[in-house]
Amino acid sequence: MNTLSPVAGAVQALAPAPFETYICEACGYVYDEALGDPDGGLPPGTRFADIPDDWACPLCGVTKADFSAYAAPSLEALRNRVQTTAVVTTRGGAAGVLIVGAGRAGWQTAEALRALDASMPITLVTACSGDVYDKPLLSVAMARGLDPEALVKETGAQAAARLGLRLLAHTQATRICTDTHTLRTTRGNLRYDHLVLAHGARTALPASLPPELCWRVNHLAAYQKLRTALGDAACDGPRDVLIVGAGLIGSELANDLALGGHRITLLDTQAEPLARWQGEQAGARLLDAWKDLSIRFVGGVQVAQVESVGGRYRVTTADGQRFAADQVIAAPGLATPSRLAESAGLAWDQGIAVDAATLGTSVEGIHALGDCITVNGQASRYIEPIARQARAIAAAICGATPAPYALRAATVRVKTTSHPMTLH
Ligand code: FE
């Protein structure tokens with residue numbers, strides 16, 4: 001009987017340690033022990049030490065070995081940093097660094113520059129609000145019951161204040177004048193010493209998919225509107241959603257919207273989803289995992305026409321099949337907009353051609369990274385390389401110890417939560 005008391009004493013002495021957080025060095029995803037990663041098989045409360053070695057970062061697919069302990073900087077530290085910066089950025093003359101694009105690539109570049117230089121003037125120009133969020137989570141938000149607004153980790157204004165930079169939100173960059181080192185924008189001309197293009201890519205719509213009839217889910221604002229249009233399946237009833245393109249984004253959205261209660265038809269020109277990873281049987285594994293979900297996959301078809309008919313949509317394929325849908329989502333692949341690059345005369349190879357080590361473009365003083373670039377003619381529109389690219393560019397601009405970028409075989413985390421996969 002009295003054997004109980006030492007045990008109780010031991011339990012008291014071993015009161016659980018507070019939950020810790022760990023950051024993915026590759027992509028910046030923060031693992032919180034309190035929240036776990038339920039989609040990846042880690043229930044809330046899973047300690048980092050207990051995570052199996054083959055667990056994959058839910059954003060980028062690297063393993064536990066690429067994580068390190070992380071504590072968000074204190075408010076006081078951030079305030080000190082901003083004060084220092086605010087004083088020094090008034091120094092005369094220097095135009096500093098101008099970054100175009102406030103997605104992951106743009107913000108990671110700003111972070112990497114600030115880590116090396118607290119005083120350099122930085123201006124960030126973006127066509128959107130500049131809010132900071134993990135874009136890959138757009139593909140899992142509905143099944144997790146997350147409102148799109150909840151994905152914002154930091155508003156653009158907050159991030160700009162924290163990093164001591166000037167943010168020009170809702171501003172279109174229209175032309176680069178290389179002779180005067182000037183960027184023309186819808187809010188006036190901006191001078192630069194260094195220009196970093198991080199404006200990403202956009203959905204490449206064929207003529208058969210008119211933009212006014214199809215959703216393109218490549219940023220938060222568009223995703224918010226789509227979610228509003230779909231409503232809540234539990235309250236408003238399920239919607240028929242037709243998704244064109246069963247690559248990474250199309251497959252992840254199909255998975256998520258089906259888990260959210262909607263009825264999905266997924267079309268692709270290939271015979272199975274994720275056809276790029278056929279060698280790893282990705283499509284077969286996915287279709288097997290989807291057996292009990294409301295996802296109808298139709299492979300080997302080409303969309304010929306989308307029409308608006310009585311408040312719904314009719315999609316006709318080249319071989320004459322017809323599908324009716326409440327909403328049509330286009331996910332046929334991405335292409336880099338070329339207008340800015342052309343205005344500067346940048347070398348182009350299905351994207352902004354950059355040097356594999358320096359990420360420099362063909363024009364002195366202009367770097368590029370992320371979804372808008374190609375290295376040796378290859379785009380790699382994945383999360384993992386972006387932070388490394390940003391560090392390479394920041395080191396080059398700041399004259400710090402060179403941190404050359406190294407092209408690696410990409411690891412891709414497929415966030416189809418009913419069957420998450422890491423592909424190579
Ligand atoms: Fe990661």
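This is a predicted model: local features need pLDDT of at least 70, side-chain atom pairs count only at pLDDT 80 or more; totals for chains, interfaces and linings use all residues.
**Entry 1: α3 against α4**

I began with helix α3, residues 104-116, and helix α4, residues 156-163. I read an angle of about 15° between them, with the axes 10 Å apart. Angles under 35 degrees count as roughly parallel, so I logged α3 as roughly parallel to α4. I noted the crossing of α3 and α4 as left-handed.

Which residues make the contact? From α3 I listed Trp-107, Ala-110, Glu-111 and Arg-114. From α4 I listed Gly-156, Ala-159, Ala-160, Arg-162 and Leu-163. I then sorted the contact of α3 with α4 by class: five nonpolar, one polar and three charged residues.

**Entry 2: α3 against α10**

Next I took α3 with helix α10, residues 384-398. The angle here is about 45°, and the axes lie 8 Å apart.

α3 brings Arg-104, Ala-105, Gln-108, Thr-109, Ala-112, Leu-113 and Leu-116. α10 brings Ile-386, Ala-387, Ala-390, Arg-391, Ala-394, Ala-395, Ile-397 and Cys-398. By class, I have eleven nonpolar, two polar and two charged residues for the contact of α3 with α10.

**Entry 3: cysteines**

How many disulfides does the structure hold? I found zero. I also looked up the accessibility of two cysteines. Cys-57 has a relative accessible area of 0%, so I marked Cys-57 as buried. Cys-214 comes out at 6%; buried means under 20%, so Cys-214 is buried as well.

**Entry 4: Thr-358**

Where does Thr-358 lie? I placed Thr-358 in the loop between β22 (352-353) and β23 (366-368). Its relative accessibility is 38%.

I then checked the contacts of Thr-358, leaving aside neighbours within four places in sequence. Thr-358 touches His-367 and Ile-393. I also looked up the spacing of Thr-358 and Leu-197, which are 161 residues apart along the chain. Their C-alpha atoms are separated by 14 Å.

Notes:
Residues are numbered from 1 along each chain as its sequence is written. Side-chain values use heavy atoms; hydrogens and water are left out. Axes are lines fitted to C-alpha atoms, for helices over the stretch in contact, and angles run from 0 to 180 degrees between N-to-C directions. Helices (H or I, at least four residues) and strands (E, at least two) are DSSP runs, numbered from the N terminus. Angles under 35 degrees count as roughly parallel, over 145 as roughly antiparallel, 65 to 115 as roughly perpendicular and the rest as oblique. A crossing is left-handed if the near helix is turned anticlockwise from the far one by less than a right angle, and right-handed if clockwise. Contact means heavy atoms within 4.5 Å. Ala, Val, Leu, Ile, Met, Phe, Trp, Tyr, Cys and Pro count as nonpolar, Asp, Glu, Lys and Arg as charged, and the others, Gly among them, as polar. A disulfide is a pair of cysteine sulfur atoms within 2.5 Å. Buried means under 20% relative accessible area, exposed over 50%, partly exposed in between (1.4 Å probe, protein chains only).
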